[in-house]
Every structure is written in structure tokens, then in C-alpha cells.
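Reader: Please show the model, and then let us go through it by question and answer.

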Amino acid sequence: MTDSKFSYLAKLKELVASMERDLGLVKFSNDELNVICALRSMSSDDSQGVKSSELKSHVLCSTISNPTFYRVLRGLLDQGAVVRFGELKTGSYRLADTYL
């Protein structure tokens, strides 16, 4: 990458950080934000959920280790940012209404 590409990347990261701050998302870790964004990206309909295995394969979540991914998902459930519905082993996840 040339210096100008790094410059563009730096400006983009600064813009995203500013947006996260403005939206009040700074309370979430990077992994939590990646799971939230992936979940929102994969939900074509707000009432339709996403299975954890599908969510884990999303480009934003695929580099998160399995233990961390499931710990993050559990934390988001505990915080009320994500809602789980359906059977225990076959259930799906969606963002809580306050994050749609």
C-alpha cells in the first residue's frame, strides 16, 4: 500500500470512530460491534433471525475465535442488544428493537 492508501484508510477509520461515538456505541468492544454489524447486515427482515453458525461465517466475524465469538454473543444477549428466539440448539438471533 502506498502512503496515500494508508491516508485514506486512516481517514475512514477516524470517520467510523466518530460515528460510533455519535451513535453511543463506544460501550461495545470491536468484536461486539462486528457481531452487531454482521447481524444487522444478514437480517433481511427485522423479525427474521440469523443462526449463530451463519453469523460466525460472516466476513466481520470469521476471524473471531470460536470461544470469543460465543462469549461476545452471550454478552450481547446479557446486555439486551441481541435477542434469541426459537429452540435452544436451533434458535436464531436478531438485534433488539432498540438497535434496529
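Reader: Which residues of strand 2 are buried on one side and which on the other?
Author: This is a predicted model. Strand 2 is covered on both of its faces. Tyr93 and Leu95 are buried on one side, and the buried residues on the other are Ser92 and Arg94.

Reader: Which residue stands opposite Arg84 in strand 2?
Author: Strand 1, residues 82-85, pairs with strand 2 over four bridges, in the antiparallel sense. Within strand 2, the residue opposite Arg84 is Tyr93.

Reader: Which residue takes a positive phi in the hairpin of strand 1 and strand 2?
Author: Six residues lie between the strands of this hairpin. The positive phi, near 100°, belongs to Gly86.

Reader: What is the pattern of helices and strands along the sequence?
Author: The chain has four helices and two strands. In sequence order they give α-α-α-α-β-β.

Reader: What covers the buried residues of helix 4?
Author: The buried residues of helix 4 include Thr68, Phe69, Val72 and Leu73, and also Gly75, Leu76 and Leu77. Their cover includes strand 1, strand 2, helix 2 and helix 3 (52-56).

Reader: Which residues touch the most other members of the largest nonpolar core?
Author: This core has 19 residues. Two or more of them come from each of helix 2 (30-42), helix 4 (66-79) and strand 2 (92-95). In soluble globular proteins, nonpolar side chains tend to be buried together. The members that touch the most others are Val35, Leu55, Leu76 and Val82.

Reader: Which residues does Leu76 touch, leaving out those up to four places away in sequence?
Author: Leu76 is buried in helix 4. With those sequence neighbours left out, Leu76 touches Ala81, Val82, Phe28, Glu32, Val35 and Ile36.

Reader: Why does the pair of Phe69 and Tyr70 get its class, and what is that class?
Author: The count of aromatic pairs comes to one. Its ring centres are 5.0 Å apart and its planes stand at 85°. Planes over 60 degrees apart fall in one class, so the pair of Phe69 and Tyr70 is edge-to-face.

Reader: Is Phe69 buried or exposed, and which residue lies over its face?
Author: Phe69 has a relative accessible area of 0%, so Phe69 is buried. Tyr70, at 41%, is partly exposed. At 5.9 Å from the ring centre of Phe69, the residue over the face is Lys56.

Reader: Is Lys13 buried or exposed?
Author: Lys13 has its place in helix 1, residues 3-22. Its relative accessible area is 56%, and the cut-off for this class is over 50%. Lys13 is therefore exposed.

Reader: How far apart are Lys13 and Glu32 in space?
Author: In sequence, Lys13 and Glu32 are 19 residues apart. From C-alpha to C-alpha, their distance in space is 17 Å.

Reader: What percentage of the residues of the chain count as buried?
Author: The chain has 100 residues, and its C-alpha atoms fill a box of roughly 50 × 25 × 25 Å along the principal axes. The share that counts as buried is 31%.

Key: Residues numbered from 1 in each chain as written. Predicted model: local features only at pLDDT ≥ 70, side-chain atom pairs only at ≥ 80, totals over all residues. Heavy atoms only, no water. Core = buried A, V, L, I, M, F, W, Y, C linked by side-chain atoms within 4.5 Å. Buried < 20%, exposed > 50% of the residue type's maximum accessible area, 1.4 Å probe, protein only. Contact = heavy atoms within 4.5 Å. Phe/Tyr/Trp six-rings, centres within 6.5 Å; stacked < 30°, edge-to-face > 60°. Lys NZ or Arg CZ within 6 Å of the ring centre and 35° of its normal. Pairing = 2+ DSSP bridges.
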